[in-house]
Amino acid sequence: MTVSLAPPKAAKPIKNKKNALPRAQPKALTAYAAYLRAADEHPLLRVELIQEKIHMSPAPRPKHQRIAMNLSFLFSVFLKEHNLGMILASPVDVILSPRRTVVQPDLVFVAKDRVETLLTDTAIVGAPDMVVEILSPSTAQIDRTSKRQT
């Protein structure tokens with residue numbers, strides 16, 4: 001599902017009322033503000049901002065989740081044994097450009113020497129060292145085209 005980022009219509013001033021002030025005109029929403037609003041309004045959907053367009057998809061299916069969990073476990077063991085960094089599983093925001101692109105890859109690897117630089121309390125800000133996308137029938141087209149180009 002793709003959502004339009006058209007700015008909201010301007011509020012109409014109040015007419016014919018004595019001493020009435022016009023209502024404040026809402027500011028146009030930025031793509032990132034629209035993304036944050038969509039994520040809050042649809043907590044059960046995966047919400048991503050890809051090239052200034054909001055994409056929403058349903059929760060992954062059990063097979064997809066099994067694959068993600070198995071890969072996450074394997075990566076975690078290897079990374080811990082070799083002290084290389086950390087692996088995070090979706091949902092975690094990866095902010096590549098706050099005005100254009102915020103994605104939630106299935107798995108994200110950040111190297112040990114970059115954790116403090118990229119990881120914040122709320123997201124990964126900047127390009128991680130590796131991302132893993134498990135293709136699902138419902139999201140494969142987006143994953144292979146516009147999301148891959150980010």
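**A. Strand 4 (residues 85-89) and strand 7 run antiparallel, joined by five bridges.** The model is predicted: local features need pLDDT of at least 70, side-chain atom pairs count only at pLDDT 80 or more, and totals for chains, interfaces and linings use all residues. Residues are numbered from 1 along each chain as its sequence is written, and side-chain values use heavy atoms, with hydrogens and water left out. Two strands pair if DSSP finds at least two bridges between them. Strands (E, at least two residues) and helices (H or I, at least four) are DSSP runs, numbered from the N terminus. Across from Leu-107 of strand 7 stands Ala-89. Strand 7 also pairs with strand 9 (residues 130-132), again in the antiparallel sense, over three bridges. There, Leu-107 has Val-132 as its bridge partner.

Strand 7 (residues 107-111) is largely enclosed by the rest of the structure, because five of its five residues are buried. Buried means under 20% relative accessible area, exposed means over 50%, and partly exposed lies in between (1.4 Å probe, protein chains only). Which residues of strand 7 point one way, and which the other? Leu-107, Phe-109 and Ala-111 share one direction, while Val-108 and Val-110 take the other. On both sides, the residues are buried.

**C. Val-108 sits in strand 7.** Its relative accessible area is 0%, so Val-108 is buried. Ile-87 is 21 residues away along the chain, yet the two C-alpha atoms are separated by 5.5 Å. A contact means heavy atoms within 4.5 Å. Setting aside neighbours within four places in sequence, Val-108 is in contact with Met-86, Ile-87, Leu-88, Val-92, Val-94, Ile-124, Pro-128 and Met-130.

**D. Pro-128 lies in the loop between strand 8 (124-125) and strand 9.** Is Pro-128 buried or exposed? Pro-128 has a relative accessible area of 15%, so it counts as buried. Not counting residues up to four places away in sequence, Pro-128 touches Val-94, Leu-96, Val-108, Phe-109, Val-110, Arg-114 and Leu-118.

**E. The largest pocket holds about 370 Å³ of space.** The search uses a 1 Å grid over the protein atoms alone. A pocket is an open set of points with protein on both sides within 12 Å along at least five of seven lines; a cavity is a set where a 1.4 Å probe fits but cannot get out. Lining residues have an atom within 4 Å of a point. Grid points are joined across faces, edges and corners, and the volume is the space filled by probe spheres set on the points. The largest pocket is lined by 20 residues, and the closest to its centre are Arg-46, Pro-60, Ser-90, Pro-91 and Gln-104. Helix 1 (31-41), strand 2 (46-50) and helix 2 (62-82) each give two or more residues to this lining. Helix 2 gives the most, with four. By type, the lining has 12 nonpolar, five polar and three charged residues. Nonpolar covers Ala, Val, Leu, Ile, Met, Phe, Trp, Tyr, Cys and Pro; charged covers Asp, Glu, Lys and Arg; the others, Gly among them, are polar.

The peptide bond from Ser-90 to Pro-91 is cis. Its omega is near 5°. Pro-91 belongs to the loop between strand 4 and strand 5 (94-97). Most peptide bonds are trans, and most residues other than glycine have a negative phi. The next view takes up phi.

**G. Gln-51 and Glu-52 lie in the loop between strand 2 and strand 3 (53-57).** Gln-51 is not a glycine, but its phi is positive, about 50°. Glu-52, also a residue other than glycine, has a positive phi near 70°. Are these residues buried or partly exposed? Gln-51 has 31% relative accessibility, so it counts as partly exposed. Glu-52 is partly exposed too, with a relative accessible area of 39%.

H. From the N terminus on, the order is β-α-β-β-α-β-β-β-β-α-β-β-α-α. Of the 150 residues in the chain, 31% are buried. Among contacts with a separation of 6 or more, 51% join residues 24 or more positions apart.
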